[in-house]
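Subject: Structure handover

Hello,

Here is the structure for your files, with the sequence. My notes follow below it.

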Amino acid sequence: MECAEPDCTERASVRLHIPWTENKVVCAAHARGLAQADGIVPEPLEDTETETGYSSGFAIMISSTYSSSIR
Ligand SMILES: [Zn+2]
């Protein structure tokens with residue numbers, strides 16, 4: 001999941017709970033700036049897209065591609 005800010009392609013790592021609009025998921029850098037506003041509550045995203053989860057999913061994808069190509 002990418003940062004919701006325009007022109008930002010960082011991986012989103014924080015969900016911002018914004019009372020006056022929809023929640024937004026942004027990268028750590030944008031979260032630091034946006035969370036300065038009163039009422040915005042930053043919540044770190046965990047479990048959903050951790051580095052470890054991404055890596056193992058990616059490794060499985062690579063290995064299945066590889067094993068099907070050598071048959
Ligand atoms: Zn960002």
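Three strands form an open sheet in the order E2-E1-E3, and their pairing is antiparallel. The edges are taken by E2 (24-26) and E3 (41-44); each has a single partner strand, so one side of each is left without a neighbour in the sheet. On average, neighbouring strands of this sheet are turned by 30 degrees against each other, direction ignored.

Please keep in mind that this is a predicted model. Mean pLDDT for the chain is 80, with 65% of the residues at 70 or more. Over residues 53-57 pLDDT stays under 50, and the model has one contact beyond four places in sequence for that stretch. Where pLDDT is low, the predicted coordinates should not be read in detail.

Back to the sheet. Strand E1 (residues 14-17) runs antiparallel to E3 and is joined to it by four bridges. Leu 16 has Pro 42 of E3 as its bridge partner.

Leu 16 also belongs to the largest nonpolar core, which has seven residues. In soluble globular proteins, nonpolar side chains tend to be buried together.

Regards

Technical notes
Residues are numbered from 1 along each chain as its sequence is written. Two strands pair if DSSP finds at least two bridges between them. Helices (H or I, at least four residues) and strands (E, at least two) are DSSP runs, numbered from the N terminus. Axes are lines fitted to C-alpha atoms, for helices over the stretch in contact, and angles run from 0 to 180 degrees between N-to-C directions. A nonpolar core is a set of buried Ala, Val, Leu, Ile, Met, Phe, Trp, Tyr and Cys residues joined through C-beta atoms within 7 Å. A residue is buried if 20 or more other C-beta atoms lie within 10 Å of its own, exposed if 12 or fewer, and partly exposed in between; C-beta atoms are placed from the backbone. pLDDT is the predictor's confidence in each residue, from 0 to 100. Two residues are in contact if their C-beta atoms, placed from the backbone, lie within 7 Å.
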